[in-house]
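Student: I'd like to learn how to read a fold from its coordinates. Can you walk me through one?

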Amino acid sequence: MSAAKFKTSQIVTTANALNHLTYDEILSGLLRHVTGDWGDLGEEDRKENDLSLKKGHRLLSVYHVRNCIKFWIITKANRSKTTVMLPEDY
């Protein structure tokens, strides 16, 4: 596995995400997110995230797990908080 490309402080998960995702799915997504594997983003959004890493902007990853459940991981620009959520939680 790749090394982390950024550090995050507080990690939170919405109640809805906790009801639909397993601990392993959340942990796998978080590990992918911090190593710069943005999941199921399109090429333009991937490039935007790569630039955001350098510029210190917000980061977004999108992942899909069993039964086509889609979830997002969003890290604030100042890296103080990373949130795991389902799109409807936004």
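Student: Which residue just after α2 takes a positive phi?

Tutor: G36, with a phi of about 85°. Helices (H or I, at least four residues) and strands (E, at least two) are DSSP runs, numbered from the N terminus. Some ground rules: residues are numbered from 1 along each chain as its sequence is written, and side-chain values use heavy atoms, leaving out hydrogens and water. This is a predicted model, where local features need pLDDT of at least 70 and side-chain atom pairs count only at pLDDT 80 or more, while totals for chains, interfaces and linings use all residues.

Student: What about the largest nonpolar core: how many residues has it?

Tutor: In soluble globular proteins, nonpolar side chains tend to be buried together. A core here means buried Ala, Val, Leu, Ile, Met, Phe, Trp, Tyr and Cys residues joined through side-chain atoms within 4.5 Å. The largest has 11 residues, including L21, I26 and F71. β3 gives the most, with 3 residues.

Student: How do β2 and β3 pair?

Tutor: Strands pair if DSSP finds at least two bridges between them. β2 and β3 are antiparallel over 7 bridges, and V62 has W72 as its bridge partner.

Methods. Buried means under 20% relative accessible area, exposed over 50%, partly exposed in between (1.4 Å probe, protein chains only).
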